[in-house]
Amino acid sequence: MLRKVLKWTGGILGGIIGAVLIFYFVMRIVVNNKRDKTYTVEVRMLSIPSDSASVAEGAHIYAIKGCGDCHGKDLSGKIFVNDPMVGVISGTNLTSGKGGRPAGYSDKDWLMALRHGLRPTGKPLLIMPSYEYYKMSDHDVAHLVAYLKSVPPVDHAVEEPSIGPMGTILSGLGKLPLIPAEMIDHSHQAAQTVEKTATAEYGKYLSMSCSGCHTPSMKGGDSPIPGGVPVRDISAAGNLGKWSLGEFQVVMRTGKTPDGRQLKNEDMPWEMTRQYTDMEIEALYRYLKTL
Ligand code: HEC
Ligand code: HEC
């Protein structure tokens with residue numbers, strides 16, 4: 001009897017393991033094919049300024065877009081996920097130092113990365129959230145690139161991204177935005193400039209940086225980061241509907257909520273939102289209140 005049961009459960013277990021393995025290998029083929037695809041896109045060239053005021057404006061954009069969370073404050077790159085199951089996910093050293101961007105990295109190459117999520121070769125970048133950047137105005141992208149080009153070289157070799165079995169399965173299922181190029185409308189014509197005033201309209205533009213986690217409707221949901229805490233509703237239907245501008249400002253600058261919770265920067269990146277100006281926070285507040 002016992003032997004029969006064991007044989008039976010063994011058979012089921014074997015079946016399950018077999019099915020999981022087949023599923024994994026199918027996902028791996030699907031994901032590898034997507035990684036191998038070469039895109040042909042038309043890159044609309046922009047003229048990149050180099051004066052110090054433009055560079056400073058670009059530095060502010062780098063700060064409020066949270067680029068430093070993945071590429072480091074000095075742009076020298078860093079590993080931000082290192083998990084045997086999910087994989088090694090590392091932001092490139094963007095400087096011209098050793099281990100950094102290749103010699104001859106051109107204005108076109110910067111635009112390929114930021115607006116299309118692609119390498120200079122046309123192959124897709126992994127994880128780099130260009131789907132949040134491709135609608136940035138020409139003005140903002142040009143100023144951002146001005147800053148990126150101005151940063152002094154740092155020698156720092158960063159391990160290249162590699163995706164583990166769980167990372168492969170999650171991206172195969174569409175639960176991990178592995179290949180941003182797939183989420184981009186490559187013919188999108190971004191605005192030349194946007195008016196930077198404390199209006200809901202400008203808030204909507206800024207909220208692109210929140211949409212990757214809070215979703216485009218700002219209603220939140222599951223974390224885009226495997227194992228991350230649920231993302232809250234920041235439309236007027238959530239707590240924000242009850243908060244004053246001053247209270248919202250404190251949340252954005254310190255992660256402390258009016259009801260006494262301390263949000264962790266790893267969950268809700270307030271080290272990033274801390275760097276928004278008062279005007280930018282007000283614009284976001286006005287926009288979120290309309291939802
Ligand atoms: C969530 C993490 C993350 C954020 C935020 C992020 N990046 Fe990246 N970025 C990456 C990763 C990972 C790569 C390397 C991808 C690869 O090699 O496949 C990358 C690659 C790049 C590249 C391409 C370098 C090359 O070798 O062609 C550029 C340029 C870049 N990022 C700029 C930026 C800028 C500017 C910002 C902010 C506007 C930003 N990144 C924000 C993760 C991020
Ligand atoms: C990397 C993902 C991520 C990004 C990007 C992000 N958030 Fe969040 N945010 C979260 C998570 C997760 C929580 C919930 C944290 C918790 O409950 O501990 C949160 C919570 C909040 C809260 C508190 C809501 C409440 O009811 O307590 C506010 C306000 C907020 N986010 C605003 C923003 C704004 C505005 C942006 C864009 C400028 C933004 N977030 C970008 C992940 C993110």
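Start by selecting Asp259: with a relative accessibility of 47%, it counts as partly exposed. Here "buried" stands for under 20% relative accessible area, "exposed" for over 50%, and "partly exposed" for what falls in between, using a 1.4 Å probe and protein chains only. A salt bridge here is a side-chain nitrogen of Lys or Arg within 4 Å of a carboxyl oxygen of Asp or Glu. Arg261 is partly exposed too, at 23% relative accessibility.

Some ground rules before we move on. This is a predicted model, where local features need pLDDT of at least 70 and side-chain atom pairs count only at pLDDT 80 or more, while totals for chains, interfaces and linings use all residues. Residues are numbered from 1 along each chain as its sequence is written, chains are lettered from A and ligands numbered from 1 in the order in which they are written, and side-chain values use heavy atoms, leaving out hydrogens and water.

**Stop: Thr257**

Select Thr257, in the loop between helix H9 (245-254) and helix H10 (270-273). Helices (H or I, at least four residues) and strands (E, at least two) are DSSP runs, numbered from the N terminus. Is Thr257 buried or exposed? Its relative accessibility is 6%, so Thr257 counts as buried. Show its surroundings and you'll find that Thr257 touches Trp243, Val251 and Leu263, leaving aside residues up to four places away in sequence. Contact means heavy atoms within 4.5 Å.

**Stop: the iron of ligand 2**

Stay with the loop between H9 and H10 and pick Met268, then jump to His214 in helix H8 (residues 208-214); this pair links distant parts of the chain, 54 residues apart. Both coordinate the iron atom of ligand 2, His214 through NE2 and Met268 through SD, at 2.0 to 2.2 Å. Donors are N, O and S atoms within 2.8 Å of the metal (3.2 Å for Na, K and Ca); water is not among the atoms, so sites may look incomplete. The site has 6 donor atoms with angles of 87 to 179° and is octahedral. Six donors count as octahedral if opposite donors are over 155 degrees apart and all others between 65 and 115. His214 and Met268 are both buried.

**Stop: the iron of ligand 1**

Which protein atoms are the donors of the iron atom of ligand 1? Select His71 (NE2) and Met128 (SD), lying 2.0 to 2.2 Å from the iron. The 6 donor atoms around this iron atom subtend angles of 87 to 178°, so the arrangement is octahedral. His71 sits in helix H3 (residues 67-71) and Met128 in the loop between helix H4 (107-116) and helix H5 (138-150), so the pair ties together parts 57 residues apart in sequence. His71 counts as buried at 11% relative accessibility, and Met128 does at 18%.

**Stop: the sheet**

Switch to a cartoon view and look for an open sheet of 3 strands in the order E1-E2-E3, with antiparallel pairing. At its edges are strand E1 (78-83) and strand E3 (162-163), each pairing on one side only. Two strands pair if DSSP finds at least two bridges between them. Strand E2 (residues 87-91) and E3 pair in the antiparallel sense over 2 bridges. Select Val88 and you'll see Ser162 of E3 standing opposite.

How many salt bridges does a search of the whole structure find? It finds 12 salt bridges. One of them joins Lys196 and Asp140, whose closest N and O atoms are 2.8 Å apart. This pair links distant parts of the chain, with Lys196 in the loop between helix H6 (165-172) and helix H7 (200-206) and Asp140 in helix H5, 56 residues apart. Lys196 counts as partly exposed at 31% relative accessibility, whereas Asp140 counts as buried at 4%.

Next, select Glu282 and Arg286, a salt bridge with closest N and O atoms 2.9 Å apart. Both lie in helix H11 (residues 278-289), 4 residues apart, about one turn of the helix. Glu282 is partly exposed, with a relative accessible area of 24%, and Arg286 is partly exposed at 42%. Finish by selecting Arg44, Arg115 and Asp138, joined into one network by salt bridges that share partners.

Key: Tetrahedral: all angles 85-135°; square planar, octahedral: opposite > 155°, others 65-115°.
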